[in-house]
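Trainee: I would like a close look at one part of this model, with attention to the backbone. Please take it in one connected answer.

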Amino acid sequence: MDKILVLDFGSQTTALIGRRIRELGVYSEVIPGDTPLTDDLLSSGVFSGARGLILSGSPESVYTKEGAAPDPKVYACGLPLLGICYGLQRMTWDNGGLVEPLPKREYGGVGVSISGTATPDHWAPFLKGFKKEHFTAWMSHGDTLTRLAPGFTQIGVSDTGYPAVVIHESKPWFGLQFHPEVTHCEGGMDILSAFTFGVCCCEKSWTMERYAEELKASLAEKAGKNPALLLISGGVDSTVAGALLLKALEPGQVHLMYMDTGLMRKDETKTVRAALERLGAQQLHIVYCEAEFLSALKGLEDPEAKRRAIGDLFITIQEREVARLGLPEQYFLVQGTLYTDLIESGKGVGKKAHVIKSHHNVGSPLVDAKRKAGRIIEPLDKLYKDEVRALGRILGVEDEVVRRHPFPGPGLAVRILGEVTKEKCGILREADAVFIDELKKRRGPSGERLYDEIWQAFAALLPIRSVGVAGDVRKYGWVLALRAITSADGMTADVYPFAAKDLLEISTLITNTVPDIGRVVYDISSKPPATIEWE
Ligand code: XMP
């Protein structure tokens, strides 16, 4: 199968590049940018079927020791190269050009003009990707090319006067200072498509159906007859991972363990059990541990302390309950980790991305021990959320589960600000359920349910009470914040622009249904600078 390899130098958007190529119908894989290109690797393994290489962006500068370099063989392997941002700077630096800091970092939409006219023939397939002579590209860079490497020509310049598109005169090497993979880049997909099909001559051969078949085959081969244990959180990812296991292995081999921490959404355990049983689960282990979690959280107000307490207890219970199952030592541990989980934890393929948040579900002593023993399987680790949803549909996971909004591992504890108590969990669960039910009943401007137009919605309980009136009586109720965002993958997010009528009616319904809530507010912050969860 034809593929485009992405060399990862640590940009937060590296995985997006791979995903965009897959959206074009061509398989793409991301590998560490400094992978040694041995002859073996180049003639087989991850390089088999490779028709082109993309050098990703990076938070570093090429002229510092932190700025990773590719194996020099990258420039001799004969494959077409596309450098994006740092990738272009890297190609320039490594081939005798100069890169220097900008007086002021450029970030966001910047106009680019294309001026390539009398061009060599081999440029034409690439230049076809530029549908307009002037367009708005998306930039994020603190350095610029100040001298092109010998053999390169500038064919695009930014409105701010910096080289934006650069091509080698005789080799199939191309460079963009901007990020075509970002949706805000005008015509970005046309440029990636021109490189993939025009320059690299890839055939469209990648579909989720095909990937599902490959995943099943490789899972069956790896697990053999050994038991496989999956820790289910109740979210889309682990449910889809469960469906995959149940389709790839004998149901008797598949152990699914789910912890009811008491920090779950309303009716979560019931819904998860029903969904998994419908998928054919035979060995479903539900561990009820609400009391243990509430006791570990008692008196804790600091968000990181809460996360730590939950993470530690998860580990303790996980070890205890897994030991209780008495599985033979050679069992495999399966996790529903996604690509974004790894990236946000700074554990992206190249390990060069800066850590944004430590998601507790990416590592634990049990996971680490299993990883060391080569007995961990993370079948979704190359996929984004929407790709996991597509995979879930193919595997027969019911639509309502596949469409479910993401839910954080530490559950309601990150949505109750301040100390977590059983009473507050109950209040938040009820209020959140009213909000979510309404989003499922109401339609948005596209005619879809509001729930489906929104990427993630939830309620958060603030540690504030505020005065109100109920009947003629003074009431001192909790303040509830509603959050609803649109996003492609949770890494950035925009506020969902509700019609005022919907917000007003939902607010009234919540305060009428949940008497402990006295006031409802709507969070209008995007990510960045805010995050999605409140913590
Ligand atoms: P933030 O709040 O970082 O959230 O903007 C981004 C996405 O990640 C989810 N999230 C988590 N998911 N374990 C998870 O599995 C966690 O500890 C965790 N913290 C945040 C959040 O709900 C959003 O979808």
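Is Asp267 buried, partly exposed or exposed, and what is its relative accessibility?

Mentor: The model is predicted, and everything below should be read on that basis. Asp267 has a relative accessibility of 42%. That value lies between the 20% limit for buried and the 50% limit for exposed, so Asp267 counts as partly exposed. The residue sits in the loop that joins strand E11 (254-260) to helix H8 (268-278). Its phi is positive, about 60°, although Asp267 is not a glycine. Most residues other than glycine have a negative phi.

Glu535 belongs to the segment after E18, and with a relative accessible area of 18% it is buried, whereas Asp267 is partly exposed.

Pro528 lies in the segment after strand E18 (517-522), and the peptide bond leading from Lys527 to Pro528 is cis, with omega near -15°. Pro529 is also found in the segment after E18. The bond from Pro528 to Pro529 is cis as well, with omega near 10°. Most peptide bonds are trans.

How values were computed: Residues numbered from 1 in each chain as written. Predicted model: local features only at pLDDT ≥ 70, side-chain atom pairs only at ≥ 80, totals over all residues. Heavy atoms only, no water. Helix = DSSP H or I, 4+ residues; strand = E, 2+ residues; numbered from the N terminus. Buried < 20%, exposed > 50% of the residue type's maximum accessible area, 1.4 Å probe, protein only.
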